[in-house]
Amino acid sequence: MPGTPELEPILSGPPTEVAPRLLGAVLRHAGVAVRLTEVEAYAGADDPGSHAYRGRTPRTAVMFGPPGRLYVYFTYGMHHCANVVCGPDGTASAVLLRAGEVVEGIDLARERRPRSSDRDLARGPARLCRALAIDGEQDGADLTAGPVLEPAAAVAPDRVRTGPRVGLRQAPDRPWRYWLDAEPTVSAYRPAAPLRRRPAP
DNA sequence: CTACCGATATTCT
DNA sequence: GAATATCGGTAGA
């Protein structure tokens, strides 16, 4: 189809290079468009924080496939989160879409997240999926056809900030979270949940 | 704002 | 049995 963006140059290379390229890009699906303001890199076999670290499972199969697809997983028994699978091929690397700003279809997004402020509509990986109506149906979707990813011009390097990934106990030393400075839609940083003991009987 | 808690599929121990 | 790439509600400072 004419005008379809060419994703290959954007998604080739290690996830730590792909992630900052995705900042400012727009993901469109089901009547809503979100401009990405925060992402995280996951490097597959060498990365203890990655779902792919212990090898392929039914859940993670898409990450082991070709780049340019969406990896959607279901977690905590109720939420979906979306990643862009990137290259090089066979490495199971991906970039988690953590947050963004709704730039189109805001009324639809408000319907999908009724008690949310506009700022919070896509602030957090599961909220972003809800606003875009992304769920398990989109796992493995081609990003030039299903949910559509529209790359942005590279943002100024001094607008990109990095820090530790959110909610991970593993590999906290890798500052692989990337976000745009001074964006209100960037999600709040939360360290990994501490171990919680079962209450006494 | 921080802190806790419940919901509960998938995966691992 | 227990942890997890989370969120929304509630309670409190």
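**Exercise 1: The lining of the largest pocket**

The residues that line the largest pocket comprise 16 nonpolar, 10 polar and 7 charged ones. The model under study is a predicted one.

Task. State the volume of the largest pocket and determine which residues are the closest to its centre.

Solution. Begin with the volume, which is about 1,100 Å³ for the largest pocket. Next, consider the 33 residues of its lining: the closest to the centre are Y73, T75, Y76, V166 and G167. Finally, turn to the elements that give two or more residues to this lining, namely β3, β4 (79-85), β5 (94-104) and α4 (125-131).

**Exercise 2: The setting of V72**

Solution. First, locate the residue: V72 belongs to strand β3, which spans residues 70-75. Third, list the contacts; leaving aside residues up to four places away in sequence, V72 touches H80, C81, A82, I134, D135, G136, Q138 and D139. Last, compare positions: V72 and T60 are 12 residues apart along the chain, and their C-alpha atoms are separated by 8.7 Å.

**Exercise 3: Charges over rings**

Task. Identify over which ring the charged end of R165 sits, and do likewise for R177.

Solution. For R165, the charged end sits over the ring of Y42, 4.6 Å from the ring centre. For R177, the ring is that of W179, with the charged end 4.5 Å from its centre. As for pairs between rings, the structure holds 1 aromatic pair.

Note on methods:
Residues numbered from 1 in each chain as written. Chains lettered and ligands numbered in written order. Predicted model: local features only at pLDDT ≥ 70, side-chain atom pairs only at ≥ 80, totals over all residues. Heavy atoms only, no water. Phe/Tyr/Trp six-rings, centres within 6.5 Å; stacked < 30°, edge-to-face > 60°. Lys NZ or Arg CZ within 6 Å of the ring centre and 35° of its normal. Helix = DSSP H or I, 4+ residues; strand = E, 2+ residues; numbered from the N terminus. Contact = heavy atoms within 4.5 Å. 1 Å grid on protein atoms, 1.4 Å probe; cavity = no way out; pocket = protein on both sides within 12 Å on 5 of 7 lines; lining within 4 Å. Points joined across faces, edges and corners; volume = space filled by probe spheres on them. Nonpolar A, V, L, I, M, F, W, Y, C, P; charged D, E, K, R; others polar.
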